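Open the model in your viewer and keep the selection panel at hand. This tour goes stop by stop, with what to select and what is there.

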Number of protein chains: 2
Amino acid sequence: MNDLPRGYKVGTAAAGFKKAGRDDLGVILSEVPAVCAGMFTTNAFKAAPVLVCQETLDLGGPVRAVMANSGLANACTGDEGMANCRRSREMVADVLGVFHGQVLPMSTGVIGAQFDMAAWERAVPQIGASLGSKGAEDFVRAFMTTDAFPKLLSRDVRLSGGTIRLTGMAKGAGMICPNMATMLSVVLTDAAVDGRAWQDMFHRAVSLTFNRVSVDGDTSTNDTILGLANGASGVSAVRQEDVILLQQALTEVLGTLAHMLVMDGEGATKVMHIAVTGAKNDADAEKVARTVGHSQLVKTAMYGRDANWGRIVAAVGRSGASFRPQDVRVSLCGVELFRNGQPLAGDFDEQLREPLEKQDIYMEISLGGGDGCYTLQASDLSHDYVSLNADYRS
Amino acid sequence: MNDLPRGYKVGTAAAGFKKAGRDDLGVILSEVPAVCAGMFTTNAFKAAPVLVCQETLDLGGPVRAVMANSGLANACTGDEGMANCRRSREMVADVLGVFHGQVLPMSTGVIGAQFDMAAWERAVPQIGASLGSKGAEDFVRAFMTTDAFPKLLSRDVRLSGGTIRLTGMAKGAGMICPNMATMLSVVLTDAAVDGRAWQDMFHRAVSLTFNRVSVDGDTSTNDTILGLANGASGVSAVRQEDVILLQQALTEVLGTLAHMLVMDGEGATKVMHIAVTGAKNDADAEKVARTVGHSQLVKTAMYGRDANWGRIVAAVGRSGASFRPQDVRVSLCGVELFRNGQPLAGDFDEQLREPLEKQDIYMEISLGGGDGCYTLQASDLSHDYVSLNADYRS
């Protein structure tokens, strides 16, 4: 199930950007032009590959390839970084035999350091030689950094005209020493879709999944997610019912990848599933979910398996959302703890001892005042997080 | 220098709110009515004593006493908590022989648990018995929780009519298991001031000091700072030049207390002094300072003595402030690292090795586009922070 959809080929290379002897450059070629959608970091310091992807997608044409390297992020590298990004893209385009304006670059790794273009010269021919002999997992391994496991999955979807495949690949949600890394993801399908419809579907799926996970609240300079649809299956998703099926499958694939990212957040031992309802509007619900999910005190309590509901209530209270305190209700692992401005009766330490040992922790927060809602998945905060992020260079 | 200004007396008691045998209730009596100013948590879940203080100050009259307990926060305790707060205040007022509406309560400790009123019955007579035999440090020790050291200082100020004293006392900036604690602070002076002028002075001083420190970004339900001026010195601060001197001294006293709070933040090993200039306005500068100061990645890098400027730049980039990326400049410990969208040349690891060993770490961030500025003091994020907040109840 982890093979590629039809019409895609992968090649990889060991460029030695940071360490010798491991594949750190991966390329996906679509044998036919593909429609493409992308979403990028909101950080004001966008890495060179993010800027190049954005200008490419702004032109609105079809694309032929995605290239991704680990080891160097090509971020905060100024004009030289932009020139190196374009040059490396030309080299890859040449070996693939496609127009360079149809290749989308992604990078992750150390920021502030420039590419060694000689390493690119040596590596790119390996891409040509290995093209078609590699699979989705090889591509994922080429852009992994501190990820504990490769994140990919495929799903076949039966549409009215036949079966299409979706393959999603992603790397690392934690930001990583010595500077930081990045969330990179690519989703491929061989369905035939209208470009504009694909972009709508893709944005909807990302906003419901990747935009609702948090490891440490930090947004990297390189975050990129790309979706390619090349139509190579000959099966179209144009009829309303097929679009709905494809939307659903796409959201599920991205949702599973997003969950994997949180599970593999740096040092994470838990995934908190924070569901906020009863807010004045969705924006208020999001404020509450993010304040709780980013709270160091909530995160450390969950790491410590501590039924410390006061920290959740306090985070709700400082979120800036509008609500009446006496209407707020909080449940942890299905046990209602707080209502009418005070704790309910019960030995919560005892009741929650076992549920808090589990990996997935469910928090339900109702503000009791409207139909705004939001869900967020967030990791806990552990000793290992501090070690990974403080001690890596020592 | 740590004695009280004229006209104030302290009494303490061991009520056993959480642990037996230590003073956990302190009272300050002003022998004459004092003008009072207060600032409180912005958390929507305000503890009972915060609500009682606010309604008292809203009436605008003079006050006679401050009472503070540790062990129980009386937060998230609903109507019963409000009734208990009022009842305990009446008991203290009776033993002091003042009107209960002139006593300001503060609490810190476990949230969600109700007071044992029998403990108050036993404790309050001790207040009467010890009144006048205790000092500022005894009061501080009664409301300390996990603080590593008592935080207090006094300063004598020569005004045109004579010398007045300011005494500042504070406790714990980190929020503390098993639920959370609180920043509580009281500043006393024997200067004679106009009530409205004192409030202005006080708000200005707090906004420049206590509102510019951060340990973990969490705002407790109980944060309270009170300022009393009783005029017992007979020296007035009404003339413009005296007001300026008093304002300056008040800001210095609160600034020193605020610095102590960050130094003693839970598990803190560093104080980051983050200065942002060149912003479109002060609000934008504050956004940048808080995003950098709350970034887990910046905090762990400082804990690890890591010259990891990319994390600072990335935090600036996601702050939401408006600026042109190429105009941003970043210095760490006086060494300029980043300019024109790229790192400057230099072996920063080597240059910053020694400066990053120091306790105080200076970060200067210029956005290059206006005269908005802000400064923030924030602690780092250490293994001990995680231990204190995750393992306390195990």
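**Stop 1: a buried loop residue in chain B**

Select Asn74(B). Its relative accessibility is 1%, so Asn74(B) counts as buried. The residue sits in the loop between strand E3 (63-69) and helix H2 (78-96) of chain B. Check the backbone here: phi of Asn74(B) is near 50°, a positive value in a residue other than glycine.

**Stop 2: confidence**

Now colour by pLDDT, since this is a predicted model. Chain A averages a pLDDT of 90, and 95% of its residues score at least 70. Then select residues 175-180 of chain A, where the pLDDT is below 50. Beyond near neighbours in sequence, this stretch has 40 contacts in the model. Where pLDDT is low, the predicted coordinates should not be read in detail. For the complex, the predictor gives an ipTM of 0.76 and a pTM of 0.80.

**Stop 3: the sheet of chain A**

Show chain A as a cartoon. Seven strands form an open, mixed sheet, in the order E8-E15-E10-E14-E11-E12-E13. At its edges are E8 and strand E13 (342-343) of chain A, each pairing on one side only. Next, select helix H6 (residues 240-263) of chain A, which packs on the sheet. H6 of chain A touches E8, E10, strand E14 (360-366) and E15 of chain A. The direction of this helix makes about 45° with that of E15(A).

**Stop 4: strand E15 of chain A**

Select residues 372-379 of chain A. How many residues of this strand are buried? The count is 6 of the 8, so strand E15 of chain A is largely enclosed by the rest of the structure.

Look at its pairing on each partner:

- Strand E8 (residues 213-214) of chain A runs parallel to E15(A), joined by 2 bridges. Here Val213(A) stands opposite Gln377(A).
- Strand E10 (residues 271-279) of chain A runs antiparallel to E15(A), joined by 7 bridges. Along this pairing, Val276(A) stands opposite Tyr374(A), and Met272(A) has Ala378(A) as its bridge partner.

The charged end of Arg212(A) sits over the ring of Tyr374(A), 3.9 Å from its centre.

Phi of Cys333(A) is near 55°, a positive value in a residue other than glycine.

**Stop 5: the sheet of chain B**

Switch to chain B. Its open sheet has 7 strands in the order E8-E15-E10-E14-E11-E12-E13, with mixed pairing. Strand E8 (213-214) and strand E13 (342-343) of chain B each have a single partner strand, so one side of each is left without a neighbour in the sheet. Helix H6 (residues 240-263) of chain B lies across E8, strand E10 (271-279), E14 and strand E15 (372-379) of chain B. This helix runs at about 45° to E15(B).

**Stop 6: strand E11 of chain B**

Select residues 329-332 of chain B. Which strands does E11(B) pair with?

- With strand E14 (residues 360-366) of chain B, the sense is antiparallel over 4 bridges. Val330(B) has Ile365(B) as its bridge partner, and Ser331(B) has Glu364(B).
- With strand E12 (residues 335-339) of chain B, the sense is antiparallel over 3 bridges. Leu332(B) stands opposite Val335(B).

The hairpin of E11(B) and E12(B) has 2 residues between the strands. Select Cys333(B) there to find a positive phi near 50°.

**Stop 7: across the chains**

Finish with the rings. Over all chains there are 16 aromatic pairs. One of them joins Phe45(A) and Phe323(B): the pair is tilted, 5.8 Å centre to centre, with 35° between the planes. Where do the two residues sit? Phe45(A) is in the loop between strand E2 (25-40) and helix H1 (48-59) of chain A. Phe323(B) is in the loop between helix H9 (309-317) and E11 of chain B. Both Phe45(A) and Phe323(B) are buried.

Ring pairs link Phe45(A), Trp309(B), Phe323(B) and Phe338(B) into a cluster.

Conventions: Residues are numbered from 1 along each chain as its sequence is written. Chains are lettered from A and ligands numbered from 1 in the order in which they are written. This is a predicted model: local features need pLDDT of at least 70, side-chain atom pairs count only at pLDDT 80 or more; totals for chains, interfaces and linings use all residues. Side-chain values use heavy atoms; hydrogens and water are left out. pLDDT is the predictor's confidence in each residue, from 0 to 100. Contact means heavy atoms within 4.5 Å. Two strands pair if DSSP finds at least two bridges between them. Axes are lines fitted to C-alpha atoms, for helices over the stretch in contact, and angles run from 0 to 180 degrees between N-to-C directions. Rings of Phe, Tyr and Trp (its six-membered ring) pair if their centres lie within 6.5 Å; planes under 30 degrees apart count as stacked, over 60 as edge-to-face and the rest as tilted. Buried means under 20% relative accessible area, exposed over 50%, partly exposed in between (1.4 Å probe, protein chains only). A charge sits over a ring if NZ of Lys or CZ of Arg is within 6 Å of the ring centre and within 35 degrees of the ring normal.
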